[in-house]
Amino acid sequence: MAANHLRAKGLDEYEANRLATTLGDKLNVRDPSAVDAFLEKYTSLDTPLSFQDWCSCFCRCNELITMPPATVKNHLDTLWDVMDVTDEGLVHTLLKTPSLLVHDPQDIGSKVEALQAVMALPEEEATAQLIIERFARHPTILARSVDALESQLDGLARLLGTDIQRAARLAFKVPALAAQSNEELEGHMELLSKLLGLETEKVQALVLRQPSLLARTSEGLQAKIDAYTELFGPEHVGTALAGAPQLLTMKVEAVTARHELLQQLVGLVPAWETQMAEASKETLAVWLCSSEKKLRRLEIAAQNRRLSRMQLYRLLSNSESRWINDMAQAGLGPDGTPIVCAGGQGGAA
């Protein structure tokens, strides 16, 4: 009954059912009139949130339903001051992370100021809104004191062999690094070192390039490294992944498909097959991080006398602008088709 009533008020089926269930289970509010009375307590508050906005917030944060409207309003106003954003900006943030209204915003403000000071980024790159939106998805960060948060970042810096400023910037990029304990992060580092057969300094360099690796589960890392060990060989997998750590963030199936495509394409020109066989596993790993579009440059190059004589490394490593320039010199347009001259003849083949 309550769900049908909420759907009639404009909520989609999923939100209507979820909100009705939550109100019934947590507050024993099931009758449509009781639902209206409950929501009226919040929608009547002087805030930029609409009826649908409030319902979305309640759906995404059940704890919010049990908080007194006056407390929620106080938290919202304080958060608004801390973030210093427009009505639309506040609504955008709360719809993404309504749990912000559960915490003391003044405490959040202190953490934002501490992070801004440590990161020392230009103001437009680390606004209070950006920091709050990124870190608020991890309740453990919000639950820590400013001192505890700084201690966490200091521990992360020591673990990665860097300074606290860079550690804070990495955590800003991958908030999970600030959410996990130093003990958990140390365990992930040891696992990476063991699985890849690399010494600490090389693992540190790898994580500094791809910090999200520390936020991945041990089971997920193990499965990927096993698959790449088969692809690169046990004696080369460590150096290959150190050269292209982003492979550990990609789906193995996608990388395998690119490898098969690359093998197929280099077969178009015998010299390329030789160059691929002689390339280091680290270079191969970098190529496998390329998009399919970049790999398919070889299809175009194989049909053009000038381009087919180019080194495989150049074809797969050049930027898009350099590639377009190479094609132009070979008489091809940006799409790989011959350039038609004024006299009606194509460019150089």
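**Note on helices, salt bridges, cores and a cavity**

1. Aspartate 163 caps the N-terminal end of α12, with a side-chain oxygen 3.1 Å from the backbone nitrogen of glutamine 165. That is a polar contact: two N or O atoms within 3.5 Å, where, within protein, one must be able to donate a hydrogen and the other to accept it, and residues adjacent in sequence count only if both atoms are side-chain atoms. Helices are DSSP runs of H or I with at least four residues, strands are E runs of at least two, and both are numbered from the N terminus.

2. A word on the model. It is predicted, so local features need pLDDT of at least 70 and side-chain atom pairs count only at pLDDT 80 or more, while totals for chains, interfaces and linings use all residues. Residues are numbered from 1 along each chain as its sequence is written, and side-chain values use heavy atoms, leaving out hydrogens and water.

3. Stay with α12, residues 164-173. Ala167, Ala168, Leu170, Ala171 and Phe172 are buried there. Buried means under 20% relative accessible area, exposed means over 50%, and partly exposed is in between (1.4 Å probe, protein chains only). The cover over these buried residues includes α8, α9, α11, α13 and α15.

4. Glutamine 210 sits in the loop between α15 (200-209) and α16 (218-232). Glutamine 210 is buried, at 17% relative accessible area. Leaving aside neighbours within four places in sequence, glutamine 210 is in contact (heavy atoms within 4.5 Å) with Pro245, Gln246 and Thr249.

5. How many salt bridges does the structure hold? There are ten. Each is a side-chain nitrogen of Lys or Arg within 4 Å of a carboxyl oxygen of Asp or Glu. In one of them, lysine 73 meets aspartate 77 at 2.6 Å, N to O. Both residues lie in α6 (69-83), four residues apart, about one turn of the helix. An α-helix has 3.6 residues a turn, so residues three or four places apart point the same way. Lysine 73 is buried at 18%, whereas aspartate 77 is partly exposed at 26%.

6. Another salt bridge joins lysine 293 and glutamate 320 at 3.9 Å, N to O. Lysine 293 is in α21 (292-295) and glutamate 320 in α25 (320-329), so the pair ties together parts 27 residues apart in sequence. Lysine 293 is exposed, at 62%. Glutamate 320 is partly exposed, at 36%. Shared partners also link Glu292, Arg296 and Glu299 into one salt-bridge network.

7. Now the cores. A nonpolar core is a set of buried Ala, Val, Leu, Ile, Met, Phe, Trp, Tyr and Cys residues joined through side-chain atoms within 4.5 Å. The largest has 58 residues, and Leu214, Tyr228, Leu247, Leu262 and Leu298 have the most contacts inside it. Apart from that core lies another, of 55 residues, among them Trp54, Val72, Val85 and Leu100.

8. A search of the whole structure finds one cavity of 30 Å³ or more. A cavity is a set of points on a 1 Å grid over the protein atoms alone, where a 1.4 Å probe fits but cannot get out; lining residues have an atom within 4 Å of a point. Grid points are joined across faces, edges and corners, and volume is the space filled by probe spheres set on the points. The largest cavity has a volume of about 70 Å³. Which element gives the most to its lining? α8 does, with four residues.

Terms used. On a 1 Å grid over the protein atoms alone, a cavity is a set of points where a 1.4 Å probe fits but cannot get out, and a pocket is an open set with protein on both sides within 12 Å along at least five of seven lines; lining residues have an atom within 4 Å of a point.
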